[in-house]
Amino acid sequence: MMRMRSRRARILTLTSVALVAILIVITAGVYAAVKIELRGITRLPRIDSKQRPPKYTNALNILLLGSDTRTGKHPIGGRVGCSCSDTIMLAHISPGRGNVTVVSIPRDTVVPLYACSPWH
């Protein structure tokens, strides 16, 4: 009887040690994967008001949004467009109005959104 308990205790101990070792390996792997994923996030330095570039009050930024509605068209099924934004553009008109820069953003653009503060 004593020998049976000893064998069961040894099996239980080895099983417990193996499970703990597996759990440690999995935890270390998940931690490494998260660190690698978050390594690409760059941090912004704290903005110092003494080192800011000069503020141009006559520069102009305009957000242009195009709509997908089609008034007057009656397709089969009764739907008239989806009122989706099909054009997204950001226009920057430089001070003095001598230069215009326009950036077009594709409608189906998806970017990851990380919840972290830039002030570390």
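Trainee: What share of the 120 residues in the protein is made up of buried residues?

Mentor: Buried residues make up 3% of them, where buried means under 20% relative accessible area, exposed over 50%, and partly exposed in between (1.4 Å probe, protein chains only). Please note that this is a predicted model, in which local features need pLDDT of at least 70, side-chain atom pairs count only at pLDDT 80 or more, and totals for chains, interfaces and linings use all residues. Residues are numbered from 1 along each chain as its sequence is written, and side-chain values use heavy atoms, with hydrogens and water left out.

Trainee: What does the protein average in pLDDT?

Mentor: The average is 77, and 65% of the residues score at least 70; pLDDT is the predictor's confidence in each residue, from 0 to 100. Where pLDDT is low, the predicted coordinates should not be read in detail.

Trainee: Which elements are there, and how do they run from the N terminus on?

Mentor: The protein has one helix and three strands, in the order α-β-β-β. Helices (H or I, at least four residues) and strands (E, at least two) are DSSP runs, numbered from the N terminus.

Trainee: Where is confidence highest and where is it lowest?

Mentor: Among these elements, helix α1 (residues 2-38) has the highest mean, at 89, and strand β2 (residues 85-93) the lowest, at 84.

Trainee: Let us turn to Ile-62. Where is Ile-62 found?

Mentor: Ile-62 belongs to strand β1 (residues 60-67). Its relative accessible area is 33%, so Ile-62 counts as partly exposed.

Trainee: Which residues does Ile-62 touch?

Mentor: Not counting residues up to four places away in sequence, Ile-62 touches Met-89, Leu-90, Ala-91 and Ile-93; contact means heavy atoms within 4.5 Å. The C-alpha atoms of Ile-62 and Ala-91 are separated by 5.1 Å, although the two residues are 29 apart along the chain.

Trainee: And Ser-94, is that residue buried or exposed?

Mentor: Ser-94 is buried, because its relative accessible area is 14%. Ser-94 lies in the loop between β2 and β3 (100-105). Leaving aside neighbours within four places in sequence, Ser-94 is in contact with Asn-58, Ala-59 and Asn-99.

Trainee: How much of the contacts with a separation of 6 or more do residues 24 or more positions apart account for?

Mentor: Such residues account for 46% of those contacts in the protein.
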